Amino acid sequence: MDLLKLDYILASLVYSLLGVAVFWLSFIIIDKITPYDLWKNLIEERNQALATVVAAMCLGVAIIVASAIH
């Protein structure tokens, strides 16, 4: 039971939620500063090249957020 400390579990949950919130906020900001609607191009027009670029951007932001929290 020494490994399952409530403080560590609670801190992990808080930092996980904080990381997801920062990631979501950064995606919205990037979506607003681009000259076109990312979501429309990804879902409705099925733009594969844009999806690859957005996926790379998401990985980059996720790595930055994870490093900042760690």
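Student: Leaving aside its neighbours within four places in sequence, with which residues is leucine 38 in contact?
Tutor: The model is a predicted one. Contact requires heavy atoms within 4.5 Å. With neighbours within four places in sequence set aside, leucine 38 is in contact with Phe27, Ile30, Asp31, Leu50 and Val54.

Student: Aspartate 31 is buried; which side chain of opposite charge is nearest, and how far away is it?
Tutor: Aspartate 31 is placed in helix 1 (residues 6-33). Beyond its neighbours within four places in sequence, aspartate 31 is in contact with Tyr36, Asp37, Leu38 and Trp39. A salt bridge would need a side-chain nitrogen within 4 Å of a carboxyl oxygen. Aspartate 31 has no salt bridge, and the nearest side chain of opposite charge is that of lysine 32, at 5.5 Å.

Student: What is the phi of arginine 46, and is this residue buried or exposed?
Tutor: Arginine 46 is found in the loop that joins helix 2 to helix 3. Most residues other than glycine have a negative phi. In arginine 46 phi is positive, near 50°. Because exposed means over 50% relative accessible area, arginine 46, at 70%, counts as exposed.

Technical notes
Residues numbered from 1 in each chain as written. Predicted model: local features only at pLDDT ≥ 70, side-chain atom pairs only at ≥ 80, totals over all residues. Heavy atoms only, no water. Helix = DSSP H or I, 4+ residues; strand = E, 2+ residues; numbered from the N terminus. Buried < 20%, exposed > 50% of the residue type's maximum accessible area, 1.4 Å probe, protein only. Lys, Arg positive; Asp, Glu negative; His and termini not counted.
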